[in-house]
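Hi,

Here is the structure I said I would pass on.

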Amino acid sequence: MTRFEAWLLHLSSALVGGTGLVYAWMRYLATPVDPFSVVGHPWQPAVQHLHVLVAPLAVLAVGALLRAHAWTALRLGVREGRRSGLVLLGNALPMIASGYLLQVAGDPGWRQAWVAVHLVTSGLWLTGHAAHAWRARRARRAAHPD
């Protein structure tokens, strides 16, 4: 995995994760100024649009990760970080699919189901990505204690 691909993954995860967390706070926790409003915060629509616009960058980065890093590590039998990496990969498909499906779901029941899947898998992705990157950084520092 090149440095560009690694930074693309980290940056896109931070952007999509950050906008997703802010949107979730606005949508589910913020109290609307106007009691008749369905929007929790005046910036909520803009943050939602930004989240949807940066999400394809994260999907691209996951594809690059799969090709350049995960598949190569599995093929070569690399053991370090395998468990957290496989959890990330297994989590990526439902996270991505639910993000798209909740936008097109017409039935309120299905929409709520996709929202729940997306919230859980996104939380797992952000936590897993941070843990996997932290472990990799720790292993690099142990190998090169400069």
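Helix H4 gives the most to the lining of the largest pocket, with 11 residues. Keep in mind that this is a predicted model. Helix H4 covers residues 108–143, and H1, H2 and H3 join H4 in each supplying at least two residues of that lining. In total 35 residues line the largest pocket, and Met1, His69, His132, Ala136 and Arg140 are the ones nearest its centre. The space inside comes to about 1,100 Å³.

Now for the packing. Nine residues make up the largest nonpolar core: Leu8, Leu9, Ala61, Val62, Leu65, Leu88, Ala92, Met95 and Trp125. The elements giving two or more residues to this core are H1, helix H2 (44–76) and helix H3 (82–104). Take Leu65 from that set: leaving out residues up to four places away in sequence, Leu65 touches Met1, Leu9, Ala70 and Leu89.

Glu5 sits in H1, and Glu5 counts as buried because its relative accessible area is 11%, under the 20% cut-off. So what does the side chain of Glu5 make a polar contact with? One partner is the side chain of Arg67, at 2.7 Å. A polar atom of the Glu5 side chain also lies 2.9 Å from the backbone nitrogen of Thr2. Not counting residues up to four places away in sequence, Glu5 touches Ala64, Arg67 and Ala68.

The other one is Thr19, which is in helix H1 too (residues 3–29). Its relative accessibility is 11%, so Thr19 counts as buried. The Thr19 side chain reaches the backbone oxygen of Leu15 at 2.9 Å. Setting aside neighbours within four places in sequence, Thr19 is in contact with Val47, Leu50, His51 and Val54.

Cheers

Note on methods. Residues numbered from 1 in each chain as written. Predicted model: local features only at pLDDT ≥ 70, side-chain atom pairs only at ≥ 80, totals over all residues. Heavy atoms only, no water. Helix = DSSP H or I, 4+ residues; strand = E, 2+ residues; numbered from the N terminus. Buried < 20%, exposed > 50% of the residue type's maximum accessible area, 1.4 Å probe, protein only. Polar contact = N/O pair within 3.5 Å; in protein donor to acceptor, adjacent residues only side chain to side chain. Contact = heavy atoms within 4.5 Å. Core = buried A, V, L, I, M, F, W, Y, C linked by side-chain atoms within 4.5 Å. 1 Å grid on protein atoms, 1.4 Å probe; cavity = no way out; pocket = protein on both sides within 12 Å on 5 of 7 lines; lining within 4 Å. Points joined across faces, edges and corners; volume = space filled by probe spheres on them.
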